[in-house]
Amino acid sequence: MTKNKILELVEEEDVEFIRLQFTDMFGNLKNVAVTANQLEWVLENKYAFEGSALFDEFQFSEEDLYLHPDLDTFVVLPWRPQQGKVARLLCDVYYEDGTPCDLSPRTILKKVLKKAEEQGYTFYIDPECEFFLFHSDEDGIPTTLTHENAGYMAVGPMDLGENARRDMVMTLEEMGFEIESSHHEKAPGQHEIVFRGSDALTIADSIVTFRSAIKSIARRFGLHVSFMPKPKKGAAGSGMHMHVSVYKDGRNIFNSSDGTLRDEADWFMGGVMQHAKGMCAITNPLVNSYKRINSGFEAPKEITWSKKNQNALLRLHSKPEEDTKVEIRFPDSAANPYLAIAACITAGLDGIEKKATAGKIYTERKKDGDKIEQLPGTLREAISEILEDDLMERTLGKEFLSVYIEAKIAEWNEYMEEVSDWEVRKYLSRI
């Protein structure tokens, strides 16, 4: 889309405010609203903001950074007023000298994709986005309460979230999403919306937009959308599975005419499996993430691959007349999509380059004598693993990784200072 086209649309659609959006280092969506009168100036990449916003208040910065709107991401927000409408533009973050900011997650993904493109590869991703719908209290504060007890693919009246989910789907379609399906997930209050895949950058942008949009729609119903990976004990957690296909010279390099495992698919999975431990601090970024990994409910813990096993880290989807895809199952719903996708791509490409085999297919539960690697059990273990993975450091950059790890260590230390209700129940009367 061109600048002139955007200016025409703003006038035709009676758009009064434009939100300039970007994510901080941890995937939180940030924005500033400008009026339509300021848009022409903003489209010249002149809007400056305080660099601290990139660190989510974790770190102070006096440096001004600049927002460069991606013109192809312009969209009118359907849930805002229809008189004096609100639109948004996703933005890249730049330094004052005009170079891309290497602390911006979108910049990190774009660098990864540029390197892949130079090698002839294009990545397409189909995401599965799971989330919970909980009630807010009388003051509008989110709770973990739900009035339903519906299960996988339940229908109304058991599925009390179907009306909210319907409005979410209709709103997303109005914004240009192509929704493939939506349904109730396994846990009470848990849902999934699947939209058609696209190239890696578009999908990362779409996931960020998706999260913001459905949170806004849920408020109309007095509900709160949570992407917390494991909000309830004894119930399934929320993942962000990614189905990846890789193209080179116009063909999917994973496809096999006779149904056998192609070398490229084997090597790609091998790369992800070899770097899975180092990726976890990115793909599973919270203390709470490891409550999901360790609790079962089809959340992968063991570093294996399969064609059918739901507990495997990776699943190979290969059907006649369809593109072969590798489903990466361990990222969770809290992951920053830009960083998670960047990590998956670099790990897979590293596997292809080094011909790192994924090993034998895992078709059944572990047998006696099998030694199977496992994902980190805590955020603290994941931090140690990423510091040992040179590929993740090269992917994220030394400065980004240094700040990110400092923030995650602070999160872990804060958690360790807490005394939980479980500890009090377990020990107070016994010790």
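Trainee: Is phenylalanine 210 buried or exposed?

Mentor: Relative accessibility is the value to read, and under 20% means buried. In this predicted model, phenylalanine 210 has 0% relative accessibility, so this residue counts as buried.

Trainee: Which residue forms an aromatic pair with phenylalanine 210, and how is the pair arranged?

Mentor: Read two values, the distance between ring centres and the angle between planes. Phenylalanine 195 and phenylalanine 210 are 5.7 Å apart centre to centre, with 45 degrees between the planes, and the pair is tilted. Phenylalanine 195 is in strand β9 (residues 190–195) and phenylalanine 210 is in helix α5 (residues 200–220), so the pair ties together parts 15 residues apart in sequence. Phenylalanine 195 counts as buried because its relative accessibility is 2%.

Trainee: How many aromatic pairs does the structure hold?

Mentor: There are 15 aromatic pairs. One of them joins phenylalanine 131 and phenylalanine 227, with ring centres 6.1 Å apart and planes at 55 degrees, so this pair is tilted. The pair links distant parts of the chain, 96 residues apart: phenylalanine 131 belongs to strand β7 (residues 121–135), while phenylalanine 227 is in the loop between β11 (223–226) and β12 (240–248). Both phenylalanine 131 and phenylalanine 227 are buried.

Trainee: Which residues form one aromatic cluster?

Mentor: The cluster is made of Phe131, Phe177, Phe195, Phe210 and Phe227.

Trainee: Where does the charged end of arginine 211 sit?

Mentor: Here the partner is a ring and the value to read is the distance to its centre. The charged end of arginine 211 sits over the ring of phenylalanine 227, 5.5 Å from the ring centre. Likewise, lysine 186 has its charged end over the ring of tyrosine 152, at 4.3 Å from the centre.

Trainee: In which sense do strands β14 and β15 pair?

Mentor: For strands, read the direction and the bridges. Strand β14 (residues 305–306) pairs with strand β15 (residues 314–317) in the parallel sense, over two bridges. Tryptophan 305 has leucine 314 in β15 as its bridge partner. Between β15 and strand β16 (residues 325–328) there are four bridges, and these strands run antiparallel. There, histidine 317 has lysine 325 in β16 as its bridge partner.

Trainee: Why does valine 419 count as exposed?

Mentor: The cut-off for exposed is over 50%. Valine 419 has a relative accessible area of 60%, so this residue is exposed. Valine 419 is placed in the loop between α11 (398–417) and α12 (421–427).

Trainee: Which residues form a nonpolar patch with Val419 on the surface?

Mentor: Val424 and Leu428 do, and the three together have about 300 Å² of accessible area.

How values were computed: Residues are numbered from 1 along each chain as its sequence is written. This is a predicted model: local features need pLDDT of at least 70, side-chain atom pairs count only at pLDDT 80 or more; totals for chains, interfaces and linings use all residues. Side-chain values use heavy atoms; hydrogens and water are left out. Patches are made of residues with over 30% relative accessible area and no salt bridge: like charges are joined within 9 Å, nonpolar side chains (Val, Leu, Ile, Met, Phe, Trp, Tyr) within 5 Å. Accessible areas come from the Shrake-Rupley method with a 1.4 Å probe; for residues, only the protein chains shown count as cover. A salt bridge is a side-chain nitrogen of Lys or Arg within 4 Å of a carboxyl oxygen of Asp or Glu. Buried means under 20% relative accessible area, exposed over 50%, partly exposed in between (1.4 Å probe, protein chains only). Rings of Phe, Tyr and Trp (its six-membered ring) pair if their centres lie within 6.5 Å; planes under 30 degrees apart count as stacked, over 60 as edge-to-face and the rest as tilted. A charge sits over a ring if NZ of Lys or CZ of Arg is within 6 Å of the ring centre and within 35 degrees of the ring normal. Two strands pair if DSSP finds at least two bridges between them.
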